[in-house]
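Hi,

Here is the structure I promised to pass on. Have a look at it first, and then read my notes below.

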Amino acid sequence: MEQARAGVTPLIAEAAKKEGVSGEFLRNGVASGRIVIPCNPLHNPVPCAIGDGMSIKINANIGTSRDMTSVEDEVRKLSVALKYGADSVMDLSTGGDIDRIRRTIIARCHAIVGTVPVYQTGLVAARKNAVVDMTEDDIFNGIETHAKDGVDFMTVHCGITKESVKWLSASDRKMDIVSRGGSFLTAWILHNGKENPLYENFDYLLEMAKKYEVTLSLGDGFRPGCIDDATDAAQISELMTLGRLVKRCREAGVQSIVEGPGHVPLSEVPANVHIQKKICHGAPFYVLGPLVTDIAPGYDHIVGAIGGAAAAQSGADFLCYVTPAEHLSLPDIDDVREGVIASKIAAHVGDLCRRGDMTRDNEMARARRALDWESMFSIALDPDKARKYRKRGSTEKEEGCSMCGDVCAIKIVDRYLKNEEKKE
């Protein structure tokens, strides 16, 4: 951020070229905090600009659990996520050798990498005795370890305070807290009777973030876990705190983004985005989904894509994917692919609304009009799946597909249009 305030850097120039904007436009956005380019020099990923006027980016969560600890599986998930277009990857590992897994993912990922350090800190404490036994030093040492490993951005639940916990206690939420990090810190506050260390010592966190050039993702520990809990006092009280912390980040020259709600009725998605942008001074908005209904386990990637498209249209900048395994299990490789593609669709829909660039869609229309299957595959978000369906019930020699066969609308109209042209 400080470099951007001084001028257009090579990193900003490279990111601007990718986005199709001027270096000065991007520089102004980064300098003001409306755009971030997460980039820990110890990792040095491909520049990825997130925020006002940029294309909408998507994140894929991977990582182990207590029951599934294979680093090789996570590397394969990483490869699939990157192949299908994830702009960032978050390692949320909670099982196995967490340090080794994180370092392996960072070393093999050319995209930006994020983590949630308190997961590891809390789990270490929980497996010794209880989450609430972690100390302030444990929390900040965990953050520094991740930063030293090259993490580009990290979720920190700084908006959960003693005051905001009162709002949660007074609410009639059906799901209370579904954020793992949010539950850790809420339990810590209630058990110890102290203020959240990440809030109370926020200046120290800023010093650390600035030292390692880590972007802070201000987490939404009180995000709603079902649509009936959306946009309540607990959620908004945390958001108001995050708005104040965004200003402190900017004053310190630290890049920050703000995380947004998970389960939100479709009718409330635009309002949630607008409220966040207003309260948080135009900071880039990072949303999980949002999930717009609660009754589709196994299909939550579709639910998340619907909410993500609405959020993107309304001004969200960064979509966290949701896989078909959400609420059910740790995602496998196929789930990761389906989640990434669904989120890419949502992001593209949002870009069409906000940027109006229909170049790729027009290319697809021309390819379909010409029955040019190879061009269609090259334009498609998932060429492999498109080829698979094309082969089903058809031969490569056929111009059309098995849906219409010899009564292909395109072929019929094309034949008679050509006859008319000959008459003329």
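Predicted model: local features only at pLDDT ≥ 70, side-chain atom pairs only at ≥ 80, totals over all residues.

I'd start with strand 7 (residues 215–218), which is covered on both faces. Thr-215 and Ser-217 are buried on one side, and Leu-216 and Leu-218 are buried on the other. Strand 7 has strand 6 (residues 153–156) as a parallel neighbour, joined to it by four bridges. It also pairs with strand 8 (residues 256–260), again in the parallel sense, over three bridges. Between strands 7 and 8 comes helix 12 (residues 233–252), and the three make a right-handed β-α-β unit.

Next, the rings. There are five aromatic pairs in total. One of them is Tyr-286 with Phe-318, which is stacked, with 4.2 Å centre to centre and 20 degrees between the planes. How far apart in the chain are these two? They are 32 residues apart, with Tyr-286 in strand 9 (residues 285–288) and Phe-318 in strand 10 (residues 318–320).

Finally, two arginines to look up. Arg-180 has its charged end over the ring of Tyr-119, 4.6 Å from the centre. Arg-390 lies over the face of Trp-373, at 4.1 Å from the ring centre.

Cheers

Conventions:
Residues numbered from 1 in each chain as written. Heavy atoms only, no water. Phe/Tyr/Trp six-rings, centres within 6.5 Å; stacked < 30°, edge-to-face > 60°. Helix = DSSP H or I, 4+ residues; strand = E, 2+ residues; numbered from the N terminus. Lys NZ or Arg CZ within 6 Å of the ring centre and 35° of its normal. Buried < 20%, exposed > 50% of the residue type's maximum accessible area, 1.4 Å probe, protein only. Pairing = 2+ DSSP bridges. Right-handed = clockwise from strand over helix to strand, strands pointing away.
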